[in-house]
Amino acid sequence: ADLAQPSFVEARRRLAARGGTWDWRTWLAGEDLVLDLGQLAWWSWWLTPHGVHRRYSTRFFVAPVPADQVGAHDRVETVSSRWITPHEVLDAADMGQVTVVYPTRENLRALAAHGSAASVVAAARAGRVDLRPHLPQIVRDGDRILVRHPYTGELDLP
């Protein structure tokens, strides 16, 4: 499906709208679409540290997509899109070309350990991924405020 066509753009806008609800079953039926949620596989779970003003609990999923899938962005949750490998994103971040927050960087590192998208999906479906909640802690190091990440102990700027 072309995610840039007007009905998809409007559906994404309505799904991302804050403070409202939308029953999108009618739209799915009108587009002759069926959500195949069985294709999703849970990849990881990240939470913001206690004490942070805006908190989230986000589960990341992986799923196969058609080779000819066209990316789209909604200027709410996503501001740009392109198909790129995990290695390419990590390299661009290392060169200062893009900003990648710690949870995304760790997810990309885990994805990069696989040779293909099929390998990623297979690992997630087989439960060969770390699904423990990643709940970092805010710590003080002298005058600096840092974030300590669970399981690695790595310190990062907030």
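Cover here rests on contact, meaning heavy atoms within 4.5 Å. Buried means under 20% relative accessible area, with a 1.4 Å probe and protein chains only. Helices (H or I, at least four residues) and strands (E, at least two) are DSSP runs, numbered from the N terminus.

A word on the source. This is a predicted model, where local features need pLDDT of at least 70, side-chain atom pairs count only at pLDDT 80 or more, and totals for chains, interfaces and linings use all residues. Residues are numbered from 1 along each chain as its sequence is written, and side-chain values use heavy atoms, with hydrogens and water left out.

Back to α5. Just after α5 comes glycine 127, with a positive phi of about 75°.

Now the whole chain. It has five helices and six strands. From the N terminus, the order is α-α-β-β-α-α-α-β-β-β-β. The C-alpha atoms fill a box of roughly 60 × 40 × 30 Å along the principal axes. Of the 158 residues, 25% count as buried. Take contacts between residues at least 6 apart in sequence: 44% of them join residues at least 24 apart.

Notes
Buried < 20%, exposed > 50% of the residue type's maximum accessible area, 1.4 Å probe, protein only.
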